[in-house]
Amino acid sequence: MTSYTSIPSVPRLVIAAPSSRSGKTTVATGLMAALTERGLAVSPHKVGPDYIDPGYHALASGRVGRNLDAYLCGPDLVAPLFAHGARGCDIAVVEGVMGMFDGASGQGELASTAHVAKLLRAPVVLVVDASSQSRSVAALVHGFASWDPEVRIGGVILNKVASDRHEELLRDALESTGVPVLGVLRRAPQVDTPSRHLGLVPVAERQAAALEAVAAMAAQVRAGCDLEALVALARSAGALSGPAWEPPVTATGRREVVAVAGGPAFTFSYAEHAELLTAAGAEVVVFDPLRDEQLPDGTRGLVIGGGFPEMYAAELSANEPLRKAVAELAFGGAPVAAECAGLLYLCRELDGQPMCGVLDATARMDERLTLGYRDAVAVGYSVLAPAGTRMRAHEFHRTVVEPGAGPAPAWGIRSPRPRVEGFVRGGVHASYLHTHWAAEPGVARRFVDRCRAS
């Protein structure tokens, strides 16, 4: 059973936008960095399942970036998870996802930025791409401010403003809306971060360049935004009732070493997973499959999350000693939890390069993007869940695994089309689906118990 501890509410802001590519990440990350420079302890958060933006948030704030996903974890866990991450901080900045009212497909407001803002009782700052418009910005802001009366838009930040004259026209137009302008940002290519097939390039792959980009974002926000007004708006957030989430402590006896894949090829993980494993009795040790030729000493279980192994297939393949160590551990019955990138790594080969060979399957890059939330049911018993366990999940990849499921599949998926997916073999659970273990804390406890038994 999940444990809870009450804490005071933390001042907070949600950074939203009318659509993707409006500048949310620039503003949110720059604001986190600018406030941190002022000596504030800033808690960084991201709406939705995105793993990459929290890496930039962590650089900006010096604290681990955390996700708030009302689909994966359920609406009731959003505020407790927020309070857990924000404990001891002076202010929290929450970056939204997509357009402000865009959420889980076909499910209304569920998991949208607006939904999370309401769950957090947090004021919203709307970031508007003002390029190619002037007076029309007032209609856009008015529409967003009035669409849902439970969402409080406390201000707007105008992005990609071309000139002083353009700014003057925008400000004049917005006076009639009653929504204050809290910042104006000029076009600044130096804050752009490179993207590829699944979004931004993660921090772990471009550490020095990412630091420069975050510094540029901070400078832009510092120069163009009213930081005092933004902090005052954050302090106007409504009080949050109820307790903060805590991982349930079930540890007894010795701690079992659980190796967690990291490094540039495996950058996707939720902070709560390591916390849940630790609370369940694990000693979590991170290793890099690109560089480490052996698993950490004493490894009894292995977690391989998401990332970009397709970008490092040759290097992963060249590390034959580690591939053999992973296969030996898996075939020996130890628990192995692999999500998406981890699934690819356990295959016989990826784009023609030999991988670990734990699964009788091959993987390759594909032009088609597979993306969306999934409602999954455990088909049989596995190291992670008993048969019939329902979990919400997210799928996001441009690769194909053939076959897509083993003789004992991991999950049954109901939509967008009924199918089975993934592989369960001995202690191995491998799947394309990303899950958030805070929604089902028994996953970590079951995994560590299997470590003890193996």
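Six strands form an open sheet in the order β13-β12-β14-β15-β23-β22, and their pairing is mixed. Strands here are DSSP runs of E with at least two residues, and helices are runs of H or I with at least four, both numbered from the N terminus; two strands pair if DSSP finds at least two bridges between them. Strands β13 (282-287) and β22 (423-425) are the edge strands, each pairing on one side only. Neighbouring strands of the sheet are turned by 15° against each other on average, direction ignored.

The model is predicted: local features need pLDDT of at least 70 and side-chain atom pairs count only at pLDDT 80 or more, while totals for chains, interfaces and linings use all residues. Residues are numbered from 1 along each chain as its sequence is written, and side-chain values use heavy atoms, with hydrogens and water left out.

**The sheet and its helices**

Within the sheet, strand β15 (residues 336-339) runs parallel to strand β23 (residues 428-431), and 4 bridges join them. In this pairing Val-336 stands opposite Val-428 of β23. Helix α11 (residues 320-331) packs on the sheet and touches β13, β14 (299-304), β15, β22 and β23. Contact means heavy atoms within 4.5 Å. The direction of α11 makes about 110° with that of β14; such angles run from 0 to 180 degrees between N-to-C directions, with axes fitted to C-alpha atoms, for helices over the stretch in contact. Helix α13 (residues 442-453) lies across β12 (256-261), β13, β14 and β15, at about 145° to β14.

Another helix, α9 (residues 271-279), has buried residues including His-273, Leu-276 and Leu-277. Buried means under 20% relative accessible area, exposed over 50%, and partly exposed in between, using a 1.4 Å probe and protein chains only. Just after α9, Gly-281 takes a positive phi of about 110°.

**A buried aspartate**

Asp-69 lies in the loop between β4 (66-68) and α3 (75-86). Asp-69 is buried yet has no salt bridge, and the nearest side chain of opposite charge, Arg-392, is 7.5 Å away. For charge, Lys and Arg count as positive and Asp and Glu as negative, with His and the chain ends not counted. The side chain of Asp-69 does make a polar contact with that of Tyr-373, at 2.9 Å. A polar contact is a pair of N or O atoms within 3.5 Å; within protein, one must be able to donate a hydrogen and the other to accept it, and residues adjacent in sequence count only if both atoms are side-chain atoms. Leaving aside neighbours within four places in sequence, the contacts of Asp-69 include Gly-48, Pro-49 and Ala-111.

**Salt bridges**

The structure holds 25 salt bridges, each a side-chain nitrogen of Lys or Arg within 4 Å of a carboxyl oxygen of Asp or Glu. Three of them are listed below.

| Pair | N to O distance |
|---|---|
| Asp-53 and Lys-46 | 3.1 Å |
| Asp-129 and Lys-160 | 3.7 Å |
| Arg-165 and Glu-168 | 3.4 Å |

Asp-53 is buried, with a relative accessible area of 7%, and Lys-46 is buried at 4%. Lys-160 is partly exposed, at 31% relative accessibility. Arg-165 and Glu-168 both lie in helix α6 (residues 164-174), 3 residues apart, about one turn of the helix. Glu-168 is partly exposed, with a relative accessible area of 41%. Asp-164, Glu-167, Arg-171 and Arg-186 are linked in a network of salt bridges.
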